[in-house]
Each structure stands twice: as structure tokens, then as C-alpha cells.
Amino acid sequence: MTEKKTFHITTFGCQMNEHDSEIMAGMLIEKGYEPVEDRDTANIVIFNTCSIRENADKRFFGTLGQLKRRKTEEKEAFTVCVCGCMMQQQHIVDQLKSKYPWVDVVFGTHNLHKLPNLLDNLYKEKKKQLEIWEDRDAIVEDLPAKRLFKHKSFVNIMYGCNNFCSYCIVPYTRGRERSRNPFDIVKEVYALAKDGVKEITLLGQNVNSYKGEGADFTDLIYMLNEVDGIQRIRFMTSHPKDLSDKLIEAFKKCDKLCKYIHLPVQSGSDKVLKEMNRKYTREAYLSLVEKIRKAVPEIAISTDIIVGFPGETEADFEDTLDLARQVQYDSAFTFLYSTRKGTPAAQREDQIPEEVKHQRFNRLVDVINESSAGKNRGYIGKTVDVLIDSVSRNKIGTYEGRSDSFKLVNLIGKDIVDGSIVPVKITGANTFSLTGEIIKNTK
Ligand code: SAH
Ligand code: SF4
Ligand code: F3S
């Protein structure tokens, strides 16, 4: 290869995918490729796909289709790669082969680290590269990553999922649970701190079932709490069935552990929860929330809720509304149930009509927004520490950042450096964010 090749990655889906894209970017930069912001100017275009819901599939195929013309015109000078969760599903790969035969490189979630090799082979052999691995135990360490932010970073602590919720595709696309060695994680976090990272977000589909050699999830948090330079520790996502008292205690003892927890409930109906294979009841969930709030009163709680799971009756749905009202979430991701081929729930005949799903969805969003707005109003007059992420795109403030409790805060200030932590007096609140004024500069 003579001239310098440029690349662009489009990422669909969750933080796991975002972080995988950062790793792919890191590997490509190490190989001498250059990242560019505009997809149309890149020699290599990569799509990191998600299969969680049908609209994710559709959005990907729509965007991919737009590249056919450029590929036909530019041929070998333009490389198209696709990877990620969708590629771990055989029917998708078949569809890709038959309808998009011009795609150059296809790989899955288990062999992400092979990307540089696959590109080399493509250019050497002048032949399409398709390499998808079945579930693997091995974890590849020490891959470089090009972080989106200088001052904060994702850290994978485990991969895969063993829970098999009946609606969910993730256990099929990401394989079985496997945890990284705690010392590899600590080593990575020390290196990140040395590189200026202040906030880490520990990633996994179910972080509290982390089982490293000699350390469970909470042990790991205690270890990371000791790393100088790291000022905030967050994690995503925890399954209610695995949330231990030991972890709740850690919120009090580890000063760097942010007072925020994302605790997906999915439904407020015991019947639906059982059919979803969530392994907890409504009561168990509600007492867990109570226990957390008793231990850490200022904690912010968010959730995921699915509406229109097969067989969901109006009464089931009202149980969900009722639970949401009781918990008073800080925020929630609400989803229309989407049939995923290969999952048990997809085979059910009692699917809910789209218009019923939509109508329930809107009713749920109203309840959630009301509680979010209420929670946010409670911040007015208080002072919170905000980690500045960037100059705000929003007109209200000049800068934006996140509070310890993960609230988006827009604030007015001058000459604030990205990544600084500033005390902010909250002066206004709406459904999705807070506004405030800096009371004195940087910590
Ligand atoms: N491992 C995490 C979340 C993974 S996916 C957890 O269990 O909490 C993120 C969210 O997508 C899930 O919490 C769920 O609410 C939603 N989701 C998953 N499969 C879905 C489907 N088939 N239809 C609609 N929403 C779905
Ligand atoms: Fe999917 Fe359930 Fe695993 Fe979350 S815990 S990734 S919802 S199977
Ligand atoms: Fe999507 Fe895969 Fe994440 S299906 S939500 S990108 S684990």
C-alpha cells in the first residue's frame, strides 16, 4: 500500500459496540490508516451493526444500500466492511451475500481484532474476506483504542450474556459470559489514568455477574477506587437478579463510585416478567429499589422498559405504568417490543398489534417524562459537580457535562477546559436536562 488510506466507522447499538468501534479505530490508526469525519471521503467504510430491534436492522441496510453506487464506480479504491452483532446471525449474512455481494469484508463480534489482517488479505489476495467465529472463550488483551473523549473511557470488564431473556438476541450475538482478569482491568485503568482519563464506565451486558479470578464485581470496584487520577467510576448494565447488598454498600464506601444506577425492569407485571425469563418479581424489584434508596438516598435510578411483549394485556401494561409511578425513575429507555428471529418470544402467536403497542408506548412515555421532570426539579438550588464534556450544542448554555448522578447539565461559563470538574449551582430544570451556573472554577 503506498498512499495513506482513510477510514470512517458508523456505529449502531449500545456502548459495547461504541467501544468496539474505538478499538477498531485504535487498531487501524496503529497500522497507519487515518480516521476521517465524513463517510463520503473515506477510502474504507466500516459499519458496526446492532440487531437488538428490527429498526436497527433496517437502518443499517438502508445506509449500506446507499454505498452501492460509489462501490460500482470506484471498485477496489473503495472498501466496505461490515461487522458487529448482525453478522453473528446466519440469515443476515446470507441476505448480505445475496443482496449486497459488493461488500468487501464481513466479520463478527468474536473476531474484531482480526480487522487489520482481513484488510491486508483483501488487498493482497484481491478477494472478499468473510470470517465469522462462533462463540469463543478467549479474550484478546492489549488492543489499542482511539477514545472519543480524552477525559473519559469505556472499560470492558466482561463479554456476552447467559440470561436468555426470551425476547433478546444478545446471548446469540455476543455469546456466553466471560470475564476479564481483574489485574488486566486494573492495569488498563492505571494506563488510562496516566493518559488523563478521569471517568471510567465499566461495560458488560450484566456487569454484576462479573466473575474474575479472585474478584467479583464489587471487589473490582474497590480495586479501581484506589487508582489515582480516576475520579469517577460508572457501570452499565446491572441485572436486578444479581444486584448484591455488597454492591449497595460499595455506593457508600467507594467515594469514586457515581451515585447512579441503570436497573432495567422491562415490565411491571409478574406474568410478563416470568414469560420474559427475567428471574425476579415485581415485589422483588420494588424492594430492591427501596433498599438502594434507603442506603443511598440521593442515588439516581434509570431503567429500560419494553411495551407490547407477546400476550401483554391492558392489565399487565397498567402494572407497568403503576410500577413506573411508584419508582419515580430519573429517566427510562422505553422500547416497542420487536420480534427477533431465533428468540423464544418471536415464536409466540399472541403478538400485540402495532397500534396497541404505540398507544401503550405513548402512555408510558408520559408517565416517565413526568417523573423525570419532577426528579430534575428537585435539583434546583442545589450545587452539583459537573464533569465538562464539551462546548454545548444547546443554546441554553455554553458548556455541557454530567453530574455524578448522570444528569445532563448545560451551563454558562468561560474558558472551561474539557474534562474539568466544576461546581455548578442548578438554576433550572426540564425533562431531559438541568441548567446551572458555575460557582467557582475547576477542581
Ligand atoms: N444487558 C442489558 C441490556 C441489553 S439490550 C440488560 O439486560 O439490561 C438493552 C435493552 O433493549 C434491554 O434492556 C431491553 O429493554 C431492550 N430490548 C432487548 N431486546 C428487545 C426486543 N426484542 N424488543 C424491544 N426491546 C428490546
Ligand atoms: Fe438481553 Fe436479558 Fe442478556 Fe440483557 S440480560 S442482554 S436483556 S438476554
Ligand atoms: Fe445491539 Fe449488540 Fe449492543 S445487538 S444493543 S450492539 S450487544
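# A walk through the helices, ligands and loops

Start by selecting helix α7 (residues 182-194) and helix α8 (residues 217-225), whose axes come within 10 Å and cross at roughly 30°. Because angles under 35 degrees count as roughly parallel (over 145 as roughly antiparallel, 65 to 115 as roughly perpendicular and the rest as oblique), α7 is roughly parallel to α8. The crossing of this pair, α7 and α8, is right-handed, meaning that the near helix is turned clockwise from the far one by less than a right angle. Show side chains for P182, F183, I185, V186 and V189 of α7 and for L220, M223 and L224 of α8, which make the contact; contact means heavy atoms within 4.5 Å. By class, this contact of α7 with α8 has eight nonpolar residues, no polar and no charged ones. Here Ala, Val, Leu, Ile, Met, Phe, Trp, Tyr, Cys and Pro count as nonpolar, Asp, Glu, Lys and Arg as charged, and the others, Gly among them, as polar.

Before moving on, a word about what is on your screen: this is a predicted model, in which local features need pLDDT of at least 70 and side-chain atom pairs count only at pLDDT 80 or more, while totals for chains, interfaces and linings use all residues. Residues are numbered from 1 along each chain as its sequence is written, chains are lettered from A and ligands numbered from 1 in the order in which they are written, and side-chain values use heavy atoms, with hydrogens and water left out.

Helices (H or I, at least four residues) and strands (E, at least two) are DSSP runs, numbered from the N terminus. Axes are lines fitted to C-alpha atoms, for helices over the stretch in contact, and angles run from 0 to 180 degrees between N-to-C directions.

**Next pair: α2 and α4.** Select residues 54-65 for α2 and residues 90-99 for α4; they pack at an angle of about 20°, with axes 13 Å apart. That makes α2 roughly parallel to α4. Their contact brings together D57, F60, F61 and L64 of α2 with I92, Q95 and L96 of α4. Five of these contact residues between α2 and α4 are nonpolar, one is polar and one is charged.

**Then α9 and α11.** Helix α9 (residues 245-253) packs on helix α11 (residues 282-295) at about 25°, with the axes 9 Å apart. Pick out D245, I248 and K252 of α9, which meet L288, K291, I292 and A295 of α11. The contact of α9 with α11 has four nonpolar, no polar and three charged residues.

**On to the ligands.** Center on ligand 1: of the 15 residues around it, Q205, P264, Q266, D304 and S338 come nearest, where a residue is near if one of its heavy atoms lies within 4 Å. A backbone N or O atom of Q205 is 2.7 Å from a nitrogen atom of ligand 1, and one of Y167 is 3.0 Å from a nitrogen atom of the ligand.

Now jump to ligand 3, surrounded by C14, N17, C50, S51, I52, C85, V170, R174 and Q205.

**Last stop: two loops.** Which residues does a cis peptide bond join? They are M236 and T237, with omega about -5°. T237 lies in the loop between β13 (232-236) and α9. Finally, find K126, whose phi is near 50°, a positive value in a residue other than glycine. K126 sits in the loop between α5 (115-125) and β6 (129-131).

Conventions
A polar contact is a pair of N or O atoms within 3.5 Å; within protein, one must be able to donate a hydrogen and the other to accept it, and residues adjacent in sequence count only if both atoms are side-chain atoms.
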